[in-house]
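Thanks for coming. Please have the sequence and the picture open.

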Amino acid sequence: MTGAPIRKADMFRSEHDLEQALTTPRPELVADLAEGSGDLVILGAGGKMGPTLSVLARRALDEAGRGGDTVYAVSRFGDAAMRERLAAERVVAVPFDLLSDADFAELPDAPSVIFMVGAKFGAATNSSWAWEVNAALPDRVARRYRDSAIAALSTGNVYPFVPAASGGSVESDAPAPVGEYAMSCLGRERVFEFGAVTRGTRVALVRLNYAIDLRYGVLADIGSTVLAGAPVDLTTGTVNVVWQGYANEVVLRSLGHASDAVFTLNLTGPEQLGVRRVAERFGELLDTEVAFAGEPAPTALLNDAGRCFELFGYPDVPAGTLIEWQADWLRQGLPTSGKPTKWAVRDGRF
């Protein structure tokens, strides 16, 4: 199973093909996990990234000689089919509503925890819910797993918008979140930081934007707009993206860097993509005329992930290949989530 996906534009004929590519561990991940021991708990495993991350973890642990360590995927799991798919991969699904009054002591013990729970869409109209999920819930998790290493997913939205020429925000830049969603995500980070400072919990904060899965993501949004013949908004003229297989790998490997000093990492691709050029490329690949609206603003939400590349290497799938894959996926009419990422929102209202 080890090895990078073959970079053919027409390699995917089904969701199964896509998920195989997303869950095939690279040797670097296997080598890192071979240095550890013990079970892994993934909180919020029923979301967009959670299922493939859970299966990737299981396969990588098996290849690392850690077949006896359990991967627990924790979510409400309203979809029984998802539980069955995870069970078929020897991932233990744990139905649990993290926002209920249930006793967190019922959650499995583990030396390694990944926190993937987040509230984004609807945050503008239900701000208290966003703060509960993004900032209050992490306190319960940090207390329950005070003696574990915790890798918590965060977002590049905690940074300000910056000029494309700046190269993007780096981890040492001061946060300047725009809107309730971004502010509550900074709250998540501060709560986990408090656990590190007061209880010595080892924490890694991973600021991600934006993962590409083909069923959803920035490229799916732009490509679908082009295919529909609708105008592509150029107001946010530049964007970062990254292959979700690489993103999942980095999240798992970041556990080894979790520290009570709080390890913070930007996670995105190395390319800064011009939205106009991306749309034009989709037009070429989909043989469709492209229309545009608006003019690029002088700033965009961009991250510099240089530290990530130094530690974990570059993504195995470059942006150009992702665009080709995405175009082929859309051309075949393969499933998409129908849930836009709203990556171009500039006022923080999601």
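Does Ser112 count as buried or exposed? At 18% relative accessibility, Ser112 counts as buried. The term buried means under 20% relative accessible area, exposed means over 50%, and partly exposed is in between, with a 1.4 Å probe and protein chains only.

Before I go on, two sentences on the ground rules. This is a predicted model, so local features need pLDDT of at least 70 and side-chain atom pairs count only at pLDDT 80 or more, while totals for chains, interfaces and linings use all residues. Residues are numbered from 1 along each chain as its sequence is written, and side-chain values use heavy atoms, with hydrogens and water left out.

Back to Ser112. It sits in strand E4, residues 112-115. Helices (H or I, at least four residues) and strands (E, at least two) are DSSP runs, numbered from the N terminus. Leaving aside neighbours within four places in sequence, Ser112 is in contact with Asp39, Leu40, Val41, Ser148, Ala149 and Leu255. Contact means heavy atoms within 4.5 Å.

Now the sheet. Seven strands form an open sheet in the order E3-E2-E1-E4-E5-E6-E11, and the pairing is parallel. Two strands pair if DSSP finds at least two bridges between them. The edge strands are E3 (92-95) and E11 (263-267), and each pairs on one side only. Neighbouring strands of this sheet are turned by 20 degrees against each other on average, direction ignored. At one end of the order, five bridges join E6 (residues 202-208) to E11, and these two run parallel. Ala204 stands opposite Phe263 in E11.

Which helices pack on the sheet? Helix H3, residues 50-63, touches E1 (40-43), E2 (71-75) and E4, and its direction makes about 170 degrees with that of E2. Helix H6, residues 179-199, touches E4, E5 (149-155) and E6, and its direction makes about 165 degrees with that of E5. Axes here are lines fitted to C-alpha atoms, for helices over the stretch in contact, and angles run from 0 to 180 degrees between N-to-C directions.

Next, helix H9. At 1.5 Å a residue, its 12 residues (275-286) should span 16 Å, and its end C-alpha atoms are 16 Å apart, which agrees. The expected span is 1.5 Å times one less than the number of residues. Val275, Val278, Ala279, Phe282, Gly283 and Leu286 of H9 are buried. Seen down the axis of H9, these buried residues fall within an arc of 145 degrees, so they line one face of the helix. The arc is that of the directions from the helix axis to the C-beta atoms. Why do such positions line up? An α-helix has 3.6 residues a turn, so residues three or four places apart point the same way. The cover over the buried residues of H9 includes helix H7 (218-227), strand E12 (273-274) and helix H11 (319-332). Just after H9, Asp287 takes a positive phi of about 55 degrees.

Helix H2, residues 27-34, can be read in a similar way. Leu29, Val30 and Leu33 are buried there. They cover an arc of only 100 degrees around the axis, which puts them on the same side of H2. What covers them includes H3 and helix H8 (244-254).

Phe282 comes up again in the core. Of the 78 residues in the largest nonpolar core, Ile114, Trp243, Tyr246, Leu267, Phe282 and Cys308 touch the most other members. A nonpolar core is a set of buried Ala, Val, Leu, Ile, Met, Phe, Trp, Tyr and Cys residues joined through side-chain atoms within 4.5 Å. A second, separate core of 26 residues includes Leu137, Tyr145, Phe192 and Ala196.

Last, some backbone details. Most residues other than glycine have a negative phi, and most peptide bonds are trans. Phe77, in the loop between E2 and helix H4 (80-88), has a positive phi near 50 degrees and is buried, with a relative accessible area of 5%. Arg90, in the loop between H4 and E3, has a positive phi near 65 degrees, and at 44% relative accessibility Arg90 counts as partly exposed. A cis peptide bond joins Asn209 and Tyr210, with omega about -15 degrees. Tyr210 lies in the loop between E6 and strand E7 (211-212).
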